[in-house]
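Please look through the sequence and the model shown here before reading on. The report that follows takes up a few residues, some helices and the surroundings of a ligand.

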Amino acid sequence: MKDAGKVQHQHISMAKRNNVWMALECARLSRDILGANGIADDYPIMRHLMNLESVKTYEGTHDIHTLIIGASVTGIDAF
Ligand SMILES: Cc1cc2nc3c(=O)[nH]c(=O)nc-3n(C[C@H](O)[C@H](O)[C@H](O)COP(=O)(O)OP(=O)(O)OC[C@H]3O[C@@H](n4cnc5c(N)ncnc54)[C@H](O)[C@@H]3O)c2cc1C
């Protein structure tokens with residue numbers, strides 16, 4: 001869409017919102033699979049999880065992207 005010049009800001013919100021959410025879900029599932037080893041520093045999964053929590057904030061947060069998409073779909077600005 002970007003190459004075709006058709007991308008709009010709400011499309012970016014859809015991509016960022018789902019990307020970060022899915023990455024966090026994968027990291028949380030990985031932590032869960034490892035049980036107590038996922039909490040201890042034997043495996044680096046918590047490092048990935050904390051890294052992704054910072055990505056969630058600096059990429060705009062799930063809630064803000066939801067508001068942006070909602071405004072685009074409904075035409076009603078809920079900010
Ligand atoms: C590691 C890191 C690197 C960064 N790098 C950069 C950078 O290079 N350039 C740059 O410009 N900024 C950068 N930032 C800043 C980042 O963009 C901001 O932290 C981000 O925009 C959130 O703003 P805030 O921290 O003021 O939180 P707030 O806006 O106060 O948000 C706090 C919480 O409230 C929620 N919230 C806010 N407003 C609403 C609303 N209207 N309705 C519902 N919920 C709401 C948010 O979803 C969030 O959960 C970086 C942040 C981090 C952590």
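## An exposed methionine

M50 is exposed, because 11 other C-beta atoms lie within 10 Å of its own; under the convention used here, C-beta atoms are placed from the backbone, and a residue is buried if 20 or more others lie within 10 Å, exposed if 12 or fewer, and partly exposed in between. M50 sits in helix α3, where helices (H or I, at least four residues) are DSSP runs numbered from the N terminus. Between M50 and M14, which are 36 residues apart along the chain, the C-alpha atoms are separated by 22 Å.

This is a predicted model, in which local features need pLDDT of at least 70 and side-chain atom pairs count only at pLDDT 80 or more, while totals for chains, interfaces and linings use all residues. Residues are numbered from 1 along each chain as its sequence is written.

The 14 residues of α3 should span 20 Å at 1.5 Å a residue, and its end C-alpha atoms are 20 Å apart, which agrees; the expected span is 1.5 Å times one less than the number of residues in the helix.

A glycine with a positive phi follows each helix: after α3 comes G60, with phi near 120 degrees, and after α4 comes G75, with phi near 80 degrees.

## The loop between α3 and α4

T61 lies in the loop between α3 and α4, and its phi is near 70 degrees, a positive value in a residue other than glycine. Most residues other than glycine have a negative phi. T61 counts as partly exposed because 14 other C-beta atoms lie within 10 Å.

H62 belongs to helix α4 and is partly exposed, with 15 C-beta neighbours inside 10 Å. From H62 to A40 there are 22 residues in sequence and 28 Å in space, C-alpha to C-alpha.

## How α1 lies against α3

Two packed helices are described by the angle between their axes and the distance between the axes. The axes of α1 (residues 9–33) and α3 come within 9 Å and cross at roughly 160 degrees, where axes are lines fitted to C-alpha atoms, for helices over the stretch in contact, and angles run from 0 to 180 degrees between N-to-C directions. The helices α1 and α3 are therefore roughly antiparallel to each other, a term for angles over 145 degrees.

## Around the ligand

Which residues surround the ligand? They are S54, T57, Y58, T61, D63, I64, L67 and F79, a residue being counted as near if its C-beta atom, placed from the backbone, lies within 6 Å. Both α3 (45–58) and α4 (62–74) supply at least two residues of this shell. By class, the shell has 4 nonpolar, 3 polar and 1 charged residues, with Ala, Val, Leu, Ile, Met, Phe, Trp, Tyr, Cys and Pro counted as nonpolar, Asp, Glu, Lys and Arg as charged, and the others, Gly among them, as polar.

I64, one of the surrounding residues, is found in helix α4 and is partly exposed, with 15 other C-beta atoms within 10 Å. I64 and S13 are 51 residues apart in sequence, while their C-alpha atoms are 8.6 Å apart in space.

Notes. Angles under 35 degrees count as roughly parallel, over 145 as roughly antiparallel, 65 to 115 as roughly perpendicular and the rest as oblique.
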